[in-house]
Amino acid sequence: MDFNKTKLYGIIFNKCPRCLSSNLFIDSNPYHLSNITKMHQKCATCGCNFEKETWFFYGAMYASYGLNVVWGMLLFGLYYLFFWQLPLHYFIIILSLSIIFLFPLILRKSRVLWLNLFEKYDKHAIEKHKTTIVKASNL
């Protein structure tokens, strides 16, 4: 199986969940905070609608919470294994600063994960979209 045709590829590189070719976000840099949540409305390649309904991405808060919990557990595991002799408040400071620093990445990844839960990969999506455009132009 080709890695660039997997859901994991789409999640890592913020690609359309249906065709895995177009970018989801208008600005690929998550640290441009003025554009952090700005997404294309539809995929330019397959026509997939990214905003399923009004307030669709409110559900991404669950994914964001899960990603933050996993990050906190991973960081605590590293703290416990390697820095157990340091006071616990060092861990809390490092965790807080890392979550603040990673906020834009986690926000975007949670949106990508949430969208991927509700949209299936279709290897023929691009061809289907092209035939739909041709049929519409012939009318």
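**Exercise 1.** Leaving aside neighbours within four places in sequence, which residues is Glu-119 in contact with?

*Solution.* Some ground rules come before the steps. This is a predicted model, where local features need pLDDT of at least 70, side-chain atom pairs count only at pLDDT 80 or more, and totals for chains, interfaces and linings use all residues. Residues are numbered from 1 along each chain as its sequence is written, and side-chain values use heavy atoms, with hydrogens and water left out.

Step 1. Find Glu-119 in the loop between helix 3 (88–118) and helix 4 (125–138). Helices are DSSP runs of H or I, at least four residues, numbered from the N terminus.

Step 2. Apply the contact test: heavy atoms within 4.5 Å. Glu-119 then touches Lys-7, Pro-17, Arg-18, Cys-48 and Lys-52.

Step 3. Look at Lys-52. Its side chain makes a polar contact with the side chain of Glu-119, at 2.4 Å. A polar contact is a pair of N or O atoms within 3.5 Å; within protein, one must be able to donate a hydrogen and the other to accept it, and residues adjacent in sequence count only if both atoms are side-chain atoms.

**Exercise 2.** Decide why Glu-119 counts as buried.

*Solution.* Buried means under 20% relative accessible area, exposed over 50%, and partly exposed in between (1.4 Å probe, protein chains only). Glu-119 has 10% relative accessibility, so Glu-119 counts as buried.

**Exercise 3.** Classify the ring pairs Phe-76 with Tyr-80 and Trp-114 with Phe-118.

*Solution.* Step 1. Rings of Phe, Tyr and Trp (its six-membered ring) pair if their centres lie within 6.5 Å; planes under 30 degrees apart count as stacked, over 60 as edge-to-face and the rest as tilted. The whole structure holds eleven aromatic pairs.

Step 1. Phe-76 and Tyr-80 are 6.2 Å apart centre to centre, with 25 degrees between the planes: stacked. Both lie in helix 2 (residues 60–82), four residues apart, about one turn of the helix. Phe-76 is partly exposed at 37%. Tyr-80 is exposed at 57%.

Step 2. For Trp-114 and Phe-118, the centres are 5.1 Å apart and the planes stand at 65 degrees, so this pair is edge-to-face. The two are four residues apart in helix 3, so about one helical turn separates them. Trp-114 is buried at 17%. Phe-118 is partly exposed at 48%.

**Exercise 4.** Name the cluster that ring pairs link together.

*Solution.* The cluster consists of Phe-56, Phe-57, Tyr-62, Trp-114 and Phe-118.
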